[in-house]
Amino acid sequence: MAFHVLFATAVLCLTALSVSAKASPQQVFAEHHPVTETCLGCLCDAIGECTPNMKCSGDVCGMFGITWPYWSDSGKPVVEGSNPHDSDAYSKCANDPQCAKKSVIGYMARFAQDCNNDGVIDCKDYAAIHKLGGFGCRGILPHDFQVRFLACQSTVQNLSG
């Protein structure tokens, strides 16, 4: 009987180690900040065309530059009266400021991670996730996007304190 208890305990310990080894330390221990309106504003500003009701250009739509896969990964939010299965649901949402915000927030909720390994999941990480994708946020941000984002962050910081 004691052997079975020891064996079961050993299996549970090994399983726990296996699970914890698969999770990256920054995702397990990072302090998680919400996506704020200020952050959304800087993401929009960094995209470069932060004007409400923008239309689609190529494969991106709206003031946040949302693609169909991004929208889909965000949970396919829709404007009131639409259905996610409508052929124009993506473009309607991405071109509507409130729905586009829901899409960005949904995407960040799905892919939140500490992209810069500073121990905090914050707007800097959300900027990288937004621009580089949920699986590529550790890459290098395009220079123009980074400059606009950091300028916005600096302006906000100067205004608030």
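**Core, rings and helix packing in a predicted model**

Reader: In this predicted model, which residues touch the most other members of the largest nonpolar core?

Author: The largest nonpolar core of this predicted structure holds 39 residues. Helices α3 (37-47), α4 (68-73), α5 (89-94), α6 (97-111), α7 (123-132) and α8 (143-160) each supply at least two residues of this core. Within the core, the residues that touch the most other members are F64, I66, V104, M108, Y126 and I129.

Reader: Which residues are in contact with V104, leaving aside its neighbours within four places in sequence?

Author: V104 belongs to the group that touches the most other members of the largest nonpolar core. Once its neighbours within four places in sequence are left aside, the residues in contact with V104 are L40, L43, F64, I66, Y70 and H130.

Reader: Where is S103 placed, is it buried or exposed, and what does it touch beyond four places in sequence?

Author: S103 has its place in helix α6, and with a relative accessible area of 0% it falls under the 20% cut-off, so it is buried. Not counting residues up to four places away in sequence, S103 touches I66, Y70, W71, S74 and P77.

Reader: How many aromatic pairs are there, and what is the geometry of the pair formed by Y107 and F111?

Author: The count of aromatic pairs comes to six. Y107 and F111 both lie in helix α6, four residues apart, about one turn of the helix, and each is buried, with a relative accessible area of 6% for Y107 and 6% for F111. Their rings are 4.6 Å centre to centre with 45° between the planes, and the pair is tilted.

Reader: Why does the pair of F145 and F149 count as stacked?

Author: F145 and F149 both lie in helix α8, four residues apart, about one turn of the helix, and they are buried, with relative accessible areas of 2% for F145 and 3% for F149. The ring centres of F145 and F149 are 6.5 Å apart and their planes stand at 5°. Because planes under 30 degrees apart count as stacked, the angle that settles the class is 5°.

Reader: How do α3 and α8 pack, and how do the residues of their contact divide by type?

Author: Helices α3 and α8 pack at an angle of about 145°, with their axes 8 Å apart, and their crossing is right-handed. From α3 the contact draws on T38, G41, C42, L43, D45, A46 and I47, and from α8 on F145, R148, F149, C152, Q153 and V156. By type, the residues of this contact of α3 with α8 divide into eight nonpolar, three polar and two charged.

Reader: Why is α7 described as largely enclosed by the rest of the structure, and which elements do its buried residues pack against?

Author: Seven of the 10 residues of α7 are buried, so the helix is largely enclosed by the rest of the structure. The buried residues are C123, D125, Y126, A127, A128, I129 and H130. The elements that the buried residues of α7 pack against are β1 (31-32), α3, α4, α6, β4 (120-121) and α8.

Methods: Residues numbered from 1 in each chain as written. Predicted model: local features only at pLDDT ≥ 70, side-chain atom pairs only at ≥ 80, totals over all residues. Heavy atoms only, no water. Core = buried A, V, L, I, M, F, W, Y, C linked by side-chain atoms within 4.5 Å. Buried < 20%, exposed > 50% of the residue type's maximum accessible area, 1.4 Å probe, protein only. Contact = heavy atoms within 4.5 Å. Phe/Tyr/Trp six-rings, centres within 6.5 Å; stacked < 30°, edge-to-face > 60°. Axes fitted to C-alpha atoms, helices over the stretch in contact; angles between N-to-C directions. Left-handed = near helix turned anticlockwise from the far one by under 90°. Nonpolar A, V, L, I, M, F, W, Y, C, P; charged D, E, K, R; others polar.
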